[in-house]
Amino acid sequence: MEIISLLDVKTIQRFRCVRKSWNLFISDQTFIQMHLKKSSRNPHFVLPIPDFPLSSTIFLPVQRLLENHSITVAGDSCLINPILCDVVGSCNGLLCVVCYSATNGVLNLLSTFEFFLWNPATRTMSENLGFFGDYEPVFGPFKFSFGCDCFTGTYKVVLLHTERNEDRKSDDDMWISKVRVFSLGDNCWRFIQGFPLAPLIWSYGVHLSGTVNWLAIRGAFMSMYDGEIFRASVPVKQLEIVSLDLSTETNTQFLLPEGFVELPCVEPYLCVIMDCLCFSHDFNKTEFVIWQMKEFGVQESWTQLFRIEYFNLQMNNPPMEDDFVYLEYMKCDVPLLPLYVSKDGDTLILAHDEIDNAVIYNQRDKRVQRSINSNEICWLSAIDYVESLVSTHWKSGVGVGVGVGVGDGDENEDKGNL
């Protein structure tokens, strides 16, 4: 069992045919969690191909990206209606796929969504998990997130929608974000505690250790559809991190690092690096800064990981016109997106917005080792992923272990086979 748990999923699936006893222990929850823990040491990226359906999604091992100078674009398939589907989250080797209805590709007053779990490694997909329909005018996009309750092993889909707060008493409460949760345990949508902040355009919710986290802003500002957020004298302190605990279904707010003292010209970003929540932002249009919250939820644990000059990344500084800055606009662009940091902290993979590629950067030598160019890959939409044997044939109460929600592993699992 120990030896087989070190292998990739495709090989392990073949070993099910060796004998019944092997099939039984490969289906055992203890083995599935053992394999998931070891598989997590070999991270992958889920990479969508622009202008192609979900069936063209790429799964790329980070190690191969670091070692090879070329990428072979070979997609996998999820054999559902590929039009208007998105991967909105990854957890324990399961991808949450949302399919939605629209007119000419644009959400309308009647928007409907369906949800599926997809395990690309085992080539299985769940039946339709749930349905969501909204019959009210849509202000801004719906933001979907996906994660797992660490205590019960229950998977949950989170939907966030920001509206004007009609009951506001001050400009600080101008917006309200309403939150709904779909739990695979009870198969229904429920409203839970919302918050008087609006997530930034690029903030779709970052899953970490049973929480979903958004970078949000409080106060009087107006979201615009032409790519900017207008902010009228909004101080830095009105930017906060909102964290939703998927177990208690309550949220808390965290402050950003004390060293973050000036609102940048382009939108800052939240991500997970080395199993910690990280915050990245432009500084003075000359440097890119990454902070790490070493102890989740503890303000004093913010530590500056990297401070990288754009010159060393062989990229131009973020362009901003003087009158644009004077009017206090913040562009809804992310110049760089941190995707990966090696354990020794020397090697970074950064998605590059300027020319839509990725770079491998050596922090010790302060230089780009190489640039990864591919017009077929949308690097800014990369999602962290690990291969696993976790079942898409999920049942309430089956998930066990902190951070690992697994299926029942029974003989009906192949119902979702592609």
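The following legends describe close-up views of a predicted model.

Because the model is predicted, local features are taken where pLDDT is at least 70 and side-chain atom pairs count only at pLDDT 80 or more, whereas totals for chains, interfaces and linings use all residues. Residues are numbered from 1 along each chain as its sequence is written, and side-chain values use heavy atoms, with hydrogens and water left out.

**View 1. Helix α3 and the helices that cover its buried residues.** Helix α3 spans residues 29-39; helices (H or I, at least four residues) and strands (E, at least two) are DSSP runs, numbered from the N terminus. Within α3, the residues Q29, F31, I32, H35, L36, K38 and S39 are buried, where buried means under 20% relative accessible area, exposed over 50% and partly exposed in between, with a 1.4 Å probe and protein chains only. The cover over these buried residues includes α1 (9-15) and α2 (20-27), a contact being heavy atoms within 4.5 Å. At the start of α3, a side-chain oxygen of D28 comes to within 2.9 Å of the backbone nitrogen of T30.

**View 2. The crossing of α2 and α3.** The axes of these two helices come within 5 Å and cross at roughly 65°; axes are lines fitted to C-alpha atoms, for helices over the stretch in contact, and angles run from 0 to 180 degrees between N-to-C directions. F25, I26 and S27 of α2 and Q29, F31 and I32 of α3 make the contact. By class, the contact of α2 with α3 has four nonpolar, two polar and no charged residues, with Ala, Val, Leu, Ile, Met, Phe, Trp, Tyr, Cys and Pro counted as nonpolar, Asp, Glu, Lys and Arg as charged, and the others, Gly among them, as polar.

**View 3. The salt bridge between K38 and E2.** K38 forms a salt bridge with E2, in which the closest N and O atoms are 2.3 Å apart; the term denotes a side-chain nitrogen of Lys or Arg within 4 Å of a carboxyl oxygen of Asp or Glu, and by this rule the count comes to eight salt bridges. Because K38 lies in helix α3 and E2 in the segment before α1, the pair ties together parts that are 36 residues apart in sequence. K38 counts as buried at 14% relative accessibility, whereas E2, at 48%, counts as partly exposed.

**View 4. The antiparallel strands β1 and β2.** Strand β1 (residues 44-47) pairs with β2 in the antiparallel sense over four bridges, two strands being paired if DSSP finds at least two bridges between them. V46 stands opposite F59 in β2. In a regular strand the side chains alternate between the two faces of the sheet. From β2 (residues 58-61), I58 and L60 point one way and F59 and P61 the other way, and all are buried.

**View 5. The hairpin of β3 and β4.** Strand β3 (residues 85-91) runs antiparallel to β4 and is joined to β4 by six bridges, with V87 standing opposite V97 in β4. The hairpin has two residues between the strands, and N92 takes a positive phi near 55°. Strand β4 (residues 94-100) is largely enclosed by the rest of the structure, because six of its seven residues are buried.

View 6. S145 has its place in strand β8 (residues 143-148) and is buried, with a relative accessible area of 2%. Neighbours within four places in sequence left aside, S145 is in contact with V88, K156, V157, V158, Y204, G205, V212 and W214. S145 and V157 are 12 residues apart in sequence and, from C-alpha to C-alpha, 5.8 Å apart in space. The side chain of S145 reaches the backbone oxygen of Y204 at 2.7 Å.

**View 7. The salt-bridge network of K156, R190 and E249.** These three residues, K156, R190 and E249, are linked in a network of salt bridges. In the bridge between E249 and R190, the closest N and O atoms are 2.7 Å apart. This pair links distant parts of the chain, 59 residues apart, with E249 in the loop between β17 (239-245) and β18 (250-255) and R190 in strand β11 (residues 188-195). E249 counts as buried at 14% relative accessibility, while R190 counts as partly exposed at 24%.

Definitions and conventions
A polar contact is a pair of N or O atoms within 3.5 Å; within protein, one must be able to donate a hydrogen and the other to accept it, and residues adjacent in sequence count only if both atoms are side-chain atoms.
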